[in-house]
Amino acid sequence: TRRRMAAVREQLAAQAEEDQMDEEYFEHCMVRLQAIARGNAARRFVRELRWLRFKSEQEARSKVLQEQLKKQLEEEARLAEEHRLASEVEYLRACEGAAAKIQGLIRGCLVRMHWTEIINKQLLERATELRRRWTTAAITIQSGWRMYNSRLAIEEMHAAATCIQRRVRVMIAKDLTNELRRQNLYGGYATRI
């Protein structure tokens with residue numbers, strides 16, 4: 001029985017030593033797993049921080065680009081309005097001058113043509129009728145002239161507006177494609193972090 005007791009004691013000692021080794025190995029494995037989990041959490045946190053920083057930088061850049069584009073469009077609109085007003089004033093002055101010249105020529109022509117005949121009553125009535133007709137004709141000519149110049153001015157304004165719209169669309173398309181390219185480039189980089 002002593003031998004059996006000694007054998008049992010040896011088995012128990014070996015079992016205890018084996019259990020202690022298993023516990024140490026288990027503790028070592030747990031510590032390793034915790035370290036791996038902490039590393040993954042830290043890397044995930046750093047990835048999220050980088051993504052947030054990238055996103056905020058992109059938003060700031062797009063805001064700056066939008067402000068620059070808005071200022072540029074406002075400046076172009078202001079310049080176009082100034083140009084339109086200046087050309088309109090110039091046009092109105094030219095129209096008034098042309099109208100005055102036409103009226104002066106017509107009045108002078110009427111006076112020269114009928115000066116001698118105005119003395120008689122019949123001729124006076126005829127001269128009055130002719131003057132009325134010529135004045136009506138002058139007004140009709142002036143009206144046609146104004147209408148023609150107005151159409152030209154409207155066509156110029158439409159052409160200028162079309163040009164401005166085309167430039168704005170091109171700028172917006174370029175900005176959008178550049179932004180999409182940047183997002184695709186940085187998007188791929190962010191997934192590899």
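Tutor: A patch is made of residues with over 30% relative accessible area and no salt bridge, with like charges joined within 9 Å and nonpolar side chains (Val, Leu, Ile, Met, Phe, Trp, Tyr) within 5 Å. A salt bridge here is a side-chain nitrogen of Lys or Arg within 4 Å of a carboxyl oxygen of Asp or Glu. The model is predicted, so local features need pLDDT of at least 70 and side-chain atom pairs pLDDT 80 or more, while totals for chains, interfaces and linings use all residues. Numbering runs from 1 along each chain as its sequence is written, and side-chain values use heavy atoms, leaving out hydrogens and water.

Student: Which residues make the nonpolar surface patch?

Tutor: Phe26, Met30, Leu33 and Ile36, over about 400 Å². Areas come from the Shrake-Rupley method with a 1.4 Å probe, and for residues only the protein chains shown count as cover.

Student: Why does phenylalanine 26 count as exposed?

Tutor: Buried means under 20% relative accessible area, exposed over 50%, and partly exposed in between. Phenylalanine 26 has 54%, so it counts as exposed. Its place is in helix α1, residues 2–114; helices are DSSP runs (H or I, at least four residues) numbered from the N terminus.

Student: How many aromatic pairs are there?

Tutor: Two. In tryptophan 51 and phenylalanine 54, the ring centres are 5.5 Å apart and the planes at 35°, so this pair is tilted. The rule: rings of Phe, Tyr and Trp (its six-membered ring) pair if their centres lie within 6.5 Å, and planes under 30 degrees apart are stacked, over 60 edge-to-face, the rest tilted.

Student: Is phenylalanine 54 buried or exposed?

Tutor: Buried, because its relative accessibility is 13%. Tryptophan 51, at 39%, is partly exposed. The other pair, tryptophan 145 and tyrosine 148, is tilted too, at 6.2 Å centre to centre and 40° between the planes. Tryptophan 145 and tyrosine 148 sit three residues apart in helix α2 (residues 121–192), so about one helical turn separates them.

Student: Which helices supply its lining?

Tutor: α1 and α2 each supply at least two residues of the largest cavity's lining. Among the lining residues are Cys95, Ile102, Ile141 and Trp145.

How values were computed: Buried means under 20% relative accessible area, exposed over 50%, partly exposed in between (1.4 Å probe, protein chains only). On a 1 Å grid over the protein atoms alone, a cavity is a set of points where a 1.4 Å probe fits but cannot get out, and a pocket is an open set with protein on both sides within 12 Å along at least five of seven lines; lining residues have an atom within 4 Å of a point.
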